[in-house]
Amino acid sequence: LDLVLVIRGEHDWDRPFRVWRDPLVWIGQRAAIATKARSHRPQIPLSLVTYPSGCGYRRRMLTALERDKIAHRIAYTSLDLSGLSVAVENGLGVTALSQHTLPTPLKSLILTDSLLPPLDQVEIGLLCKEESLSPRALSTLRDSFIEALDSRLFQT
C-alpha cells in the first residue's frame, strides 16, 4: 500500500508522514445515563454501544469507566459506524467517537456534562510509502488527504 490512513492503536507507527489528534467525546441519549446518574447505585451498569474487542475507542471507553469505577456493560456491538449510530440514536446506550469525524445526526447527542469521565484523544496518522511507481500521483493524493483532514480536524 502506498498511502494508509490509520488510527493509532497500542503500537507505534513507523515514521508517519503526518499525525492529527482528535478528542474522543461521549455520545448518547441523555436518558441512557439518567437512571444511573439519579440512582447513584453502582449495581446499575451503564449500557455501552461499541465496536468489537480490539478497537481503540472501545479500549479508551472501558479504561475511563474502570478508572472512575463506573459499572458498565456492553449492550450492543457493531462492526460499523452506521450500526453504532442507530443503536445510540435509539437509546440502547452510550459510545465514544472522535469529535471532528462525527456524522451530523450524532453531533446533537454529544454528552457534555460531567456524569461520564474524560476520554483520551485519538491519533490519526497518514502513512506514506517513501518510494512509489507513481511518485507524482502519490504526492497529489497525499496532499489531498492532508488538505481534507486539516480542514475537518482543525476547522474553527
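Modeller: Let us begin with D143, which is partly exposed, its relative accessible area being 39%. Please keep in mind throughout that this is a predicted model.

Biologist: Which residue forms a salt bridge with D143, and how far apart are the closest N and O atoms?

Modeller: The partner is R142, and the closest N and O atoms of this salt bridge are 3.6 Å apart. R142 has a relative accessibility of 17% and therefore counts as buried, because the cut-off for buried is under 20%.

Biologist: How many salt bridges does the structure hold?

Modeller: There are 5 salt bridges, and one of them joins D2 to K129, with 3.4 Å between the closest N and O atoms. D2 lies in the segment before strand 1 (3-7), while K129 sits in the loop between strand 6 (121-128) and helix 5 (135-153), so this pair ties together parts that are 127 residues apart in sequence.

Biologist: Are D2 and K129 buried, exposed or partly exposed?

Modeller: D2 is partly exposed, at a relative accessible area of 32%, and K129 also counts as partly exposed, with 42% relative accessibility.

Biologist: Which residue forms a salt bridge with R21?

Modeller: R21 pairs with E123, the closest N and O atoms lying 3.0 Å apart. Since R21 belongs to strand 2 (residues 18-27) and E123 to strand 6, the contact ties together parts that are 102 residues apart in sequence. As for accessibility, R21 is partly exposed, with a relative accessible area of 43%, whereas E123, at 17%, counts as buried.

Biologist: In which sense does strand 6 pair with strand 1, and over how many bridges?

Modeller: Strand 1 and strand 6 pair in the antiparallel sense over 5 bridges, and within this part of the picture I7 stands opposite I124 of strand 6.

Biologist: How many bridges join strand 2 to strand 6, and which residue of strand 6 does D22 stand opposite?

Modeller: Strand 2 and strand 6 run antiparallel and are joined by 6 bridges, and D22 stands opposite V122 in strand 6. As a general idea to carry along when reading such strands, the side chains of a regular strand alternate between the two faces of the sheet.

How values were computed: Residues numbered from 1 in each chain as written. Predicted model: local features only at pLDDT ≥ 70, side-chain atom pairs only at ≥ 80, totals over all residues. Heavy atoms only, no water. Salt bridge = Lys/Arg side-chain N within 4 Å of Asp/Glu carboxyl O. Helix = DSSP H or I, 4+ residues; strand = E, 2+ residues; numbered from the N terminus. Buried < 20%, exposed > 50% of the residue type's maximum accessible area, 1.4 Å probe, protein only. Pairing = 2+ DSSP bridges.
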